[in-house]
Number of protein chains: 2
Amino acid sequence: MQTLWQFMRLHPIGATLSKNDWGNDDFLGVTAKIYKPHSEIGRQDDDNHEIFIVKSGWAILYHGLPDGERQIIDTPLTGDIVGFRSVDGPRLASLASITELTVYEISSKELVEAILSEGRLGKKIVCSLARLNAILAEHLMNTGRRTAMSRTAHFLLELEERLSMVGLSAHGRYECPLTQYDLADILGMTTVHVNRTLGELRRADLVSFKAGHVQVINRKKLVEIAGFDNEYLR
Amino acid sequence: MQTLWQFMRLHPIGATLSKNDWGNDDFLGVTAKIYKPHSEIGRQDDDNHEIFIVKSGWAILYHGLPDGERQIIDTPLTGDIVGFRSVDGPRLASLASITELTVYEISSKELVEAILSEGRLGKKIVCSLARLNAILAEHLMNTGRRTAMSRTAHFLLELEERLSMVGLSAHGRYECPLTQYDLADILGMTTVHVNRTLGELRRADLVSFKAGHVQVINRKKLVEIAGFDNEYLR
DNA sequence: CGAGTTTTTGACATTTTTCAAGCGTGGTGG
DNA sequence: CCACCACGCTTGAAAAATGTCAAAAACTCG
């Protein structure tokens with residue numbers, strides 16, 4: 001069985017952590033939990049202070065609005081941390097699996113304890129949160145200042161970059177189990193419009209999103225349309 | 001002269017820090033720098049690894065897009081930290097003052113060093129970043145899933161809440177030096193539309209934004225229209 | 001095969017942007 | 001003191017982008 005620290009050494013947020021960075025083995029020994037596709041891992045407004053670290057699979061972190069709308073905040077991928085809050089309080093967003101999902105679950109309190117006693121862990125978490133910040137800021141530009149086309153192109157390029165960082169994309173090709181409904185709630189548009197936009201991108205031979213997989217066709221032009229610069233994902 | 005740690009004890013991110021949380025006094029003695037209104041404090045793409053902590057004044061953190069558009073990522077207020085990056089690399093956004101602005105400037109490297117040796121500082125920074133994350137996520141809902149009206153209302157309520165936390169708002173009233181152009185770049189719409197929307201809000205006796213100050217008139221209804229829940233600002 | 005989900009398409013409505021112009025105010029130089 | 005300019009605010013009319021509603025086609029899974 002792979003322990004949490006073994007995992008973290010291999011992935012973005014834990015890449016340089018040594019065993020000693022964690023207080024003791026018990027804490028490290030957190031076992032990964034496996035969830036079925038389309039299950040709720042944590043629900044918005046629940047008073048359950050747990051942090052998740054994605055080991056494998058696809059998930060969405062979303063917030064439901066009073067009027068029934070939904071905005072997807074992020075699609076956490078392998079190695080991403082989910083669920084930090086500045087203070088105790090209800091969860092601000094729900095986490096749901098898309099595919100089968102494996103996550104490490106750590107009590108928020110325990111993780112904070114560990115940060116207090118181990119500076120290197122604090123640094124790691126700070127870096128991880130800073131990166132999430134950068135991603136959110138970029139999504140803000142997407143929904144705020146880019147056209148439907150540019151937005152969609154940008155997100156597909158972001159996914160490719162993030163996935164290839166964890167070895168899940170190569171040659172501009174990757175699996176993506178998100179539906180067009182999901183895409184709509186990520187990009188802040190309607191499914192109908194997502195559909196038309198994807199169609200345009202496909203017909204223009206830029207990128208194809210079809211049957212759960214994505215293939216970048218003309219990267220140069222796609223990057224140009226999207227105004228994509230991967231710097232923020234470093 | 002007020003030192004950085006004296007300041008931090010009094011404001012959100014540093015509220016519970018004691019003197020010992022910082023390695024030594026030299027580091028703490030960082031003097032605050034004062035900038036004139038409308039100056040650039042840090043420029044996007046610069047390779048200058050500095051973190052800013054706002055002591056007083058209004059600022060905007062924005063990112064310029066290739067086509068000349070601009071998206072304002074955040075309006076850092078008293079006590080907010082600006083400029084963290086996951087790794088060294090060019091700055092992702094520019095920081096500019098709106099009013100006269102006083103900021104503490106700390107080298108990124110120094111702060112990371114301090115985190116390594118002082119867990120409580122790490123915790124504070126982690127909390128601050130988690131809060132910023134929550135704010136960005138909420139802005140994402142704003143631009144992604146709310147109408148112009150709801151969005152604008154929401155942002156004005158957020159400002160009120162954030163300002164009253166640092167003693168700069170009371171009775172639903174506060175000073176706000178942002179222009180309608182700024183508002184447009186925050187909310188992801190055009191100035192023209194911002195103008196019309198503010199007009200509507202004013203005519204409906206919900207909130208007035210005029211000559212640099214904001215007055216909430218009918219909070220109950222405004223909160224309802226905005227779908228505002230201050231939980232995320234805690 | 002059949003039921004449910006997802007994608008695609010068409011016609012039309014609404015929101016938001018664009019372009020263009022006018023107004024008000026505060027500061028500045030003649 | 002006044003003319004003038006820069007800047008921000010306001011308004012109107014038309015265009016473009018995006019959303020809504022509705023239905024059909026395609027796909028998926030048991």
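Guide: Start with a rule: two strands pair if DSSP finds at least two bridges between them. Helices (H or I, at least four residues) and strands (E, at least two) are DSSP runs, numbered from the N terminus. Now the case in chain B: B:Val54 stands opposite B:Val103 in S8(B).

Visitor: What should I know about the numbering and the model before going on?

Guide: Residues are numbered from 1 along each chain as its sequence is written, while chains are lettered from A and ligands numbered from 1 in the order in which they are written. This is a predicted model, where local features need pLDDT of at least 70, side-chain atom pairs count only at pLDDT 80 or more, and totals for chains, interfaces and linings use all residues; side-chain values use heavy atoms, with hydrogens and water left out.

Visitor: Over how many bridges do S3(B) and S8(B) pair?

Guide: Six bridges, in the antiparallel sense. Strand S3 of chain B covers residues 50-56, and strand S8 of chain B covers residues 101-107. S3(B) also pairs with strand S6 (residues 81-82) of chain B, antiparallel, over two bridges. There, B:Phe52 stands opposite B:Val82.

Visitor: In what order do the four strands of the open sheet in chain A run?

Guide: The order is S1-S8-S3-S6, with antiparallel pairing. Strand S1 (32-35) and strand S6 (81-82) of chain A are the edges, and each pairs on one side only. Helix H3 (residues 108-117) of chain A packs on this sheet and touches S3 and strand S8 (101-107) of chain A. Contact means heavy atoms within 4.5 Å. The direction of H3 makes about 70° with that of S8(A). Axes are lines fitted to C-alpha atoms, for helices over the stretch in contact, and angles run from 0 to 180 degrees between N-to-C directions. Between S3(A) and S6(A) there are two bridges, and A:Ile53 stands opposite A:Ile81.

Visitor: Which strands form the open sheet of three in chain A?

Guide: S9, S11 and S10, in the order S9-S11-S10, with antiparallel pairing. The edge strands are S9 (173-175) and S10 (207-210) of chain A. From one strand to the next, the twist averages 10°. Three bridges join S9(A) to strand S11 (residues 213-216) of chain A. A:Tyr174 stands opposite A:Val214 there.

Visitor: Is A:Cys176 buried or exposed?

Guide: Buried means under 20% relative accessible area, exposed over 50%, partly exposed in between (1.4 Å probe, protein chains only). A:Cys176 has 1% relative accessibility, so A:Cys176 counts as buried. B:Cys176 is buried too, at 0%.

Visitor: How much area do chain A and chain B bury between them?

Guide: The size of an interface is often given as the accessible area lost when the parts come together. Here buried area is the accessible area (1.4 Å probe) that two parts lose on being put together, summed over both. Chain A and chain B bury about 4,000 Å², 69% of it on carbon and sulfur atoms. In chain A, A:Ser86, A:Leu140 and A:Arg145 lose the most area to chain B, together 19% of what that side buries. The contact takes 46 residues from chain A and 46 residues from chain B.

Visitor: Which parts of chain B does the pair of B:Asp80 and B:Arg162 link?

Guide: B:Asp80 and B:Arg162 form a salt bridge with closest N and O atoms 3.0 Å apart. The pair links distant parts of the chain, 82 residues apart: B:Asp80 sits in the loop between strand S5 (70-74) and S6 of chain B, B:Arg162 in helix H5 (residues 148-165) of chain B. Both B:Asp80 and B:Arg162 are buried.

Notes. A salt bridge is a side-chain nitrogen of Lys or Arg within 4 Å of a carboxyl oxygen of Asp or Glu.
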